[in-house]
Amino acid sequence: MLNTRRGRILIENLTAYIFLAPAGCLILLFGLFPVAFAFFVSLHRWRRFPDEYVGLANYEKALGNVGYILFFWLGLLGLAAAAKIGKRLFKRQEQGTAGRPALAMLAGLISGYAALLALDWFFKLIPVIMLIPRQVRGQHTSLALFMEKLGESFSQPDVLAAGNLMLIGLLLAALIALVLLLRFRQEISGPIVINSAVTTVLLIASVFSLRLTISEIEAALASARESGESLPIWSQLVFISAGIALMALAYVIFQRGIKAHENRRFALLALGGLALAVGGYILMAEAPAALAAADDDLLAGFWITIMYATGTVPVQLAIGLLLAYLLFQPIRFRAFFRMVYFIPYITPFVATSIVFRVIFDAGQYAPANRMLTIVGIEPQRWILERSSIGSLLGLPDFLAGPALALIVIMIYSTWTYIGYDAVIFLAGLGNIPGELNEAARIDGASGWRIFRHITLPLLSPTVFFLSLVAIIGTFQAFTQIWILRTGAVGSKVNTASVYIFDQLQNSNRYGYASSMAFVLFALILLMTLFQNRIMGRRVFYG
Amino acid sequence: MDRDGAGIPKPAGGGLNASASRERLNLSKISIYAVLFAGVLIAVGPFLWMVSASFMTLSEVNLTRLLPEELLWENYATALRRANFLDIELTTDPGTGALQSVGISGYIWNSIRITLISVCGSLLVCIPAAYAFARMKFIGRNFLFAVFLSTMMIPGIVMLIPHLLTVIWLGRLSESLFGPAGAWFNNWPALTIPFFASVFNIFLLRQFFFQIPEDLWDAARIDGAGHPRFLIAVVLPLSKAPIMTIITLGFIGSWNALMWPLLVTINDDWRPIAVGLSNFVTSDTPGDLNLQMAASVITVIPILCLYFVAQKQFTEGIAQTGIRG
C-alpha cells in the first residue's frame, strides 16, 4: 500500500508534519498564543495573578475615550476585511474553478467557528489554570496534587460546557475535511476552505469587538449619568471618525489630483486641501478632550518615541547610504571597511553604552565637554540633563524638542545602526546592473546625476525596507534607552516601550501593561500600512 | 602569467590619458578614503578608548587621558572578581592533593551555557521545519508558512507578558514533574526554550534549501534514501554557510540579551553576562570606571572573536535577509 502513489503522498505528508511538529508547537506556544493571551490579560485587572474582568477599562486608562474609539474602528476594519475576503470568495466561485465550493465553504465556516470556540474554551480555562500555582503554593508540590487541580479546572461547569461545544465543532470540521479529502480529492480547493474560515473568524471577532465597545461605552455613560456628569463619548467618536475619514478622503483626492488633467487638477487639489484642513481642524479640536483622561506618561512616551524616531532614522539612513556608496567605488580594503563598520552593531549594547556614558559625562574632562570647550561653548550635563535642547538654546517652548539626554541616546543609537544600514545598502547597490551606469556615463551624465536618477531609484526597495525596519525598531527600542538613562533625567527619556516595561517590572501591572503594549502594536501596524501605501508607490522595483 | 601582461608596452598616446585620469582619480580617491577612515575612527574609536581605559588608574580615566601611563593588568583580575564574571573553584582532596571537582560559576559561564543550549536547540528545531517548507509537499504548506511569518511582525513588548505567564506556569508543571531541577523560572528553560523556534532561522534556512538542485534529490531517491536520510547526508553538509550564520546570530543574540533575562531571573544562578554587566555598572555608579571598562572589554572579546572568524558568511547572511536585533 505504501508503494502506491496515494501511499507515498500520505507518507510525505506525515513526514512533513513530523518535521514541523517541534517548531510548530513552539511557535503556537510562544508566537501565536501569546497574542491572544496578551489581549485576554489586557481585559483584566491582573497583578501577577488574574483578577476581575474589567473590559476596556485598561484601554480607557491608557488612552482616555480614544481607547473606545480605537476599538470601534478595529471592529469596523475587521468587518471591512471580512467583506473584502468574502467578496473574493464569491468571485472565485462564479468563475467555477472549484468542484464543490458550497461544501468547501461550509468546511471553512465550521472550522473557523470551531477555532473561535476553541479560543472561547481556552479563555474560560486560562484564569482557572493560572490560579493553580497560587493554590498549591506552600503545600508540598507533588505531581499528583498538581494533576488533581488541573483535572478540577477542566471539569468546572462553564469550562466543561465550552469544551464540549469546541469538541463538537472541531469534530464536525474534521469530518467535513475528511469527506472532502477522500471523496473530492481533485476538486477541493484549499484556498476556499482557508478563506472562508478566515472570513468567519474575522466576522465574528469584529462583531464581538463592536458589541464589546458599544456595551462598554453604554456602561461608561451610565456611570457618568449617575454621578451627574455628561460624557460626550458618542459625539467624540463621530467627530474623530469624521476627522480621520476626511483626512483619508484628502489623501485619495490628492492621489487623483496629481494624475488628473491640467484644469481639473487645480480643483481636485484645492478640494483635497480643504478636506485636509477641515479634517485636521476637527481632530485638533476634538482630540484633547477625548484624550483628557489618558495616561500622560504614556502620551509623553509616544511623543518621545516620535522624536527619537525622527532624530535617528533619517540620519542613520543618510550616513549609511553615503558610506555604502563610497564603499561601492573601486577602492581597496573594502572588506576591511565593511567589517569594521559592522562592529558597533554586533557588540553588546551594555558594553558600548558604558563608553558613551563616559564620553557624554557631565564632568568638565569628559570628551564631549572638552570639545565644547575648544569651540568655546560651556560644558553641558549631557546624559544627566533633563532640560530640552530648545530651552538650552533659548528657543520658545513649542520648539522645545527632546531632552539633551535623549539626544545622547539618539547619537548612540545612530552609531550602533549605521554599519548595519551600510551593509544592506551595499548589497542593494551590488544588485544594480552596471550597464545602466555605464550607459548614463556614455551619455555624459555626471556622478551626482547618475546617483540621483539611476542609483537612488533602483535602490528604493532597499531604502524602503531599511526605513520600515528602522522605524519599527525605534518604536520597540528598549535596551539603548534602558542602559543609558540616569536617575537624574527621570521620565524625560522614557519611550513608550520603556514606560511599558517599567509598569511591568516595577509595578507588576500586567493587565495595564498589556493594554498599552497593544496600543503600541496597533500604532506600529498602522504605521507599517501607511508607509506601505505612501512609500510603496514610490518604490521602483527595476 | 600575469606578470607577462604587465610587460606589454602600452599603446602610444595612452600614457597621457591614463595619467590625467589617474590624477583626477587620486583626488577623488583621497577624499573617499578620508571619509571612509573617518568612519572607521568613529566606529572603532570608542572601542579603542575602552581598551585603553581598561588599563588606566581611576584618576586617569576621570581625566579622560588617551593612553595609560602604565598597563594595569590587575584591573582585569579585579573586574572579573568584582563583577562576578567567572569564578572557578577547584576542590582538591586534602590527603592526596588530587583534583576532586571543578566548580565553575559566574556570568560568563552562564552565558556560555545559555548560548550553547539555545543555539543547539534552535538548530534542532529549525532545520527540519525549514526542510519541510523548502522541499516537501504537504497540505497547508503555504498557509502554515504565512502563519509562521506573521509571528515575526508582532513586537516583542506585546509578547513579554504572556511569555512571562506561560513560562511561570509551564515551570510549575515541570517542577512538579521533575522536581526543583525542572523549574523554568530563574533556570535555563525560561532563557532558552522560547527562542528555539526562530522564524527568522527557518526563513534563512528555507531560502538556502530551495537552492539545492533537484537532481541531488532524484539521485538520493533512486539510491533508496527518504527525506530524513537526504536531509542528514546531503543537505546538511551543503548548508554550512547558513548554519554558521545562525550560530553567529544566536551567539550574539543570547550574549546581548537584556530585557527578557531581567524579567525571568532573580539571582545569579543563570543570569547572563549582559545583565551581569548592567548590574555591575549600575550598582557602583559613579564607581570605578576603569574596572567597568575592563568588564566591558571582557564582555566584548568573545563576540569580536566569533565575528572575525565568521564575519564573511555573517555579513552576507545579514545583507541577504536583513534583520535587526
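The following legends describe close-up views of a predicted model.

**Figure 1. Overall architecture of chain A.** Chain A contains 21 helices and two strands. Its C-alpha atoms occupy a box of roughly 80 × 65 × 60 Å along the principal axes. Chain A has 542 residues, of which 37% count as buried. Among contacts in chain A with a separation of 6 or more, 72% link residues 24 or more positions apart.

**Figure 2. Domains of chain A and the contact of domain 1 with domain 2.** The domain assignment divides chain A into domain 1 (66–222), domain 2 (233–290) and domain 3 (296–538). Seven residues of domain 1 of chain A are in contact with five residues of domain 2 of chain A. On the domain 1 side, helix 3 (66–95) and helix 8 (190–226) of chain A each supply at least two residues. Helix 3 of chain A gives the most to this side, with four residues. By class, the side of domain 1 that touches domain 2 has seven nonpolar, no polar and no charged residues.

**Figure 3. The interface of chain A with chain B.** The contact takes in 80 residues of chain A and 78 residues of chain B. On the side of chain A that touches chain B, helix 1 of chain A gives the most, with 20 residues. The residues of this side of chain A divide into 63 nonpolar, 15 polar and two charged.

**Figure 4. Crossing of helix 1 of chain A with helix 7 of chain B.** The axes of helix 1 (residues 5–42) of chain A and helix 7 (residues 156–178) of chain B come within 8 Å and cross at roughly 100°. An angle of 65 to 115 degrees counts as roughly perpendicular, and the two helices are therefore roughly perpendicular to each other. Helix 1 of chain A contributes L29(A), F30(A), P34(A), V35(A), F37(A), A38(A) and V41(A) to the contact. From helix 7 of chain B come V158(B), M159(B), I161(B), P162(B), H163(B) and T166(B). By class, this contact has eleven nonpolar, two polar and no charged residues.

**Figure 5. Helix 9 of chain B and its buried residues.** Helix 9 (residues 199–210) of chain B has twelve residues. From its first C-alpha to its last, helix 9 of chain B reaches 16 Å, close to the 16 Å expected at 1.5 Å a residue. Buried residues of helix 9 of chain B are V199(B), N201(B), I202(B), L204(B), L205(B), R206(B), F208(B) and F209(B).

Terms used. Residues are numbered from 1 along each chain as its sequence is written. Chains are lettered from A and ligands numbered from 1 in the order in which they are written. This is a predicted model: local features need pLDDT of at least 70, side-chain atom pairs count only at pLDDT 80 or more; totals for chains, interfaces and linings use all residues. Axes are lines fitted to C-alpha atoms, for helices over the stretch in contact, and angles run from 0 to 180 degrees between N-to-C directions. Angles under 35 degrees count as roughly parallel, over 145 as roughly antiparallel, 65 to 115 as roughly perpendicular and the rest as oblique. Two residues are in contact if their C-beta atoms, placed from the backbone, lie within 7 Å. Ala, Val, Leu, Ile, Met, Phe, Trp, Tyr, Cys and Pro count as nonpolar, Asp, Glu, Lys and Arg as charged, and the others, Gly among them, as polar. Domain bounds come from an automatic or database domain assignment. The expected span of a helix is 1.5 Å times one less than its number of residues. A residue is buried if 20 or more other C-beta atoms lie within 10 Å of its own, exposed if 12 or fewer, and partly exposed in between; C-beta atoms are placed from the backbone.
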